Amino acid sequence: MAATIVGVFQPEMQNLIKDSKILLVGAGGIGCEVLKNLVLTGFSDLEVIDLDTIEVSNLNRQFLFNKQSVGKAKSHVARESVLKFNPNVNIKSYLGNIMDQNYDASFFSRFKLVINALDNKKARAHVNRMCLSVDIPLIESGTMGYSGQVEFIKKGVSLCYECLPKPEPKSYPMCTIRNTPKEPIHCIIWAKFLFNQLFGESSLDDVSMEVNEKDDLPKISAREWSIKNNYDPTKMFKKIFIDDIQYLLNMKDLFKNKRTEPILMSESILKEDYADYSHESDLKILDLFQYISMFKDSIVKIKNKLDLTNGKNLVWDKDDDDFMNFIVSCTNLRSNIFGIPLKSHFDIKSMAGNIIPAIATANAIIAGQIVIHALRALSKNYERCQSVFLRAKPNHKGAILVKDKKLESPNPNCFVCSVHGELILRLDTTRITVRQLDELILKKKLNMVLPDVMADNRILISSNEDDELDLYSFSLNKIQVVHGSRLKVDDYFQNYSVIIMIHHKEKATDEQPDFEIFNNMEDLRKRDEQLIAEENAKIVQETYDCVIEEFEKDDYRVDKVKPTYGSIRNEQTDTDMMETIDSEHEVSDAKESLTDSGDQEVSNEEILALKRKSGNEEETSEPKKSRFDE
């Protein structure tokens, strides 16, 4: 090993490597590379934890595993593999969730350094807080495709993982998903909801309509109707893609003033011959009849799997071919109905499964930089632990691996690592319940594990099961949590505290977020200004669309229009590494890219010119809206 070779390291560094106990969290793409590097460097006291088991899709980049490893724990197999490099290393492996209460502050305090090789934001935030609580250096990392980054985190020395806001996954209104889809991603989400409604654990977000078989009988759910009809694929196709669409068309005002209106398929399409699709590439977009055959086949096969569960629900898995065929066929059949561009099996699987592109060479480069950061951190050479970024393309100097000019200091307004952590929580206190505050805001959004909440010396939420509190069903205003209230929130497991100031705002429409979190009032003010600007831009766009529709109204047909759609960011691309590189040239490149994108505002003068050109000066009492407007 490198540390045992004379001349590779100074004696002091050799002793540090020999005596340092390291925790590696994650044994996936980056974790495998890091574990191998640590062993070959000479570290002899390591522990690794991962909650996953090995899948076939891991084998192309997680080289410590092979076909015989499939189904086994990643951490255990990784340990066995690296011991072949050096059997004298002391490695302990865990199959478990790092957020479990077994891995508390006393567990973390045994290590000199923690290395994160995780793939989700919640676990990263938790490890960040645990390392801050016991004052242990943390090295954070991530990759996405050919890009990646390595960051050093130390209490009071550098930015922590939560010092700067992370991009939020895009969400979509349920009314758009259920009734008026405009983009492929809307149809993909609808198909996943439909799978759960028919075969999985259904929720309130049912997307297929209830069935009224007889006027004198109550309606039954689509799941009950499917069971009653023994999941007959032809009947299910007619119900989902013909009857449900006719139901939408009967809602006269649903598509009023909108450019998207579904095209009802004829029942005669069900009489067409079977269209084979098994020989087609996943990269190819099939024809309508092939997707109908795929839908029917997937229904039969999934129904057989459901029968084997003895009444249990199925859990959707992107790696199950039958499940994936159901999603692909449903997505493209619905897209065809609403005039939305179809997508290939490959593209739909990437979006439906939230697949993050992974490149083995990118993982290897980042893993090498992690070990370099580890050596500097252990020797307390913190000023050389600047964030390092792996670029997909060389910068103006021809470099693909670039670093910040200096180590950034902690954010004084950070609600996690600052001395007085405070947050502003804007919500409708008449609608949000105590249960939603606990589960959706504190645990899911703010990544807490066991929160305790107090207001005016009253306990609202307790992590102690012995505390008999029955407030979960009450809205916040019913327990006197109103505008201006201050909540003291503690998570003793994470050794973390924060003050939350309540800012009440009535929720006017379902499309508005249920809650928003801000670091300070200035951020809240900027958000309000942004919303006003977006609303003004929407008004301009609506006016522009009305003018364009004047040109098309005589011969307009929905099926002639090719919808446009923006780039899509899915709910679990939790790589969090696409930060701006510390380079003025790179910022300039980004600005040039935006300038060249062709997205421009339409001025009032241009709108008037278009009106004059159209030669139609008549004013309508109710102008049409764009197909992109809710």
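Trainee: Are F237 and F241 buried or exposed?

Mentor: Both F237 and F241 are buried, where buried means under 20% relative accessible area, exposed over 50%, and partly exposed in between (1.4 Å probe, protein chains only). Keep in mind that this is a predicted model: local features need pLDDT of at least 70, side-chain atom pairs count only at pLDDT 80 or more, and totals for chains, interfaces and linings use all residues. Residues are numbered from 1 along each chain as its sequence is written, and side-chain values use heavy atoms, with hydrogens and water left out.

Trainee: How many aromatic pairs does the structure hold?

Mentor: A pair of aromatic rings is described by the distance of the centres and the angle of the planes. Rings of Phe, Tyr and Trp (its six-membered ring) pair if their centres lie within 6.5 Å; planes under 30 degrees apart count as stacked, over 60 as edge-to-face and the rest as tilted. The structure holds 16 such pairs. One of them joins F195 and F199, tilted, at 5.5 Å centre to centre with 50° between the planes.

Trainee: Why is the pair of F237 and F241 tilted?

Mentor: Their planes stand at 45°, with the ring centres 5.1 Å apart, so the pair is tilted. Ring pairs also link W190, F195, F199, Y231, F237, F241, F295, F323 and F326 into a cluster.

Trainee: Which residue lies over the face of F323?

Mentor: A charge sits over a ring if NZ of Lys or CZ of Arg is within 6 Å of the ring centre and within 35 degrees of the ring normal. Here K305 lies over F323, 5.1 Å from the ring centre.
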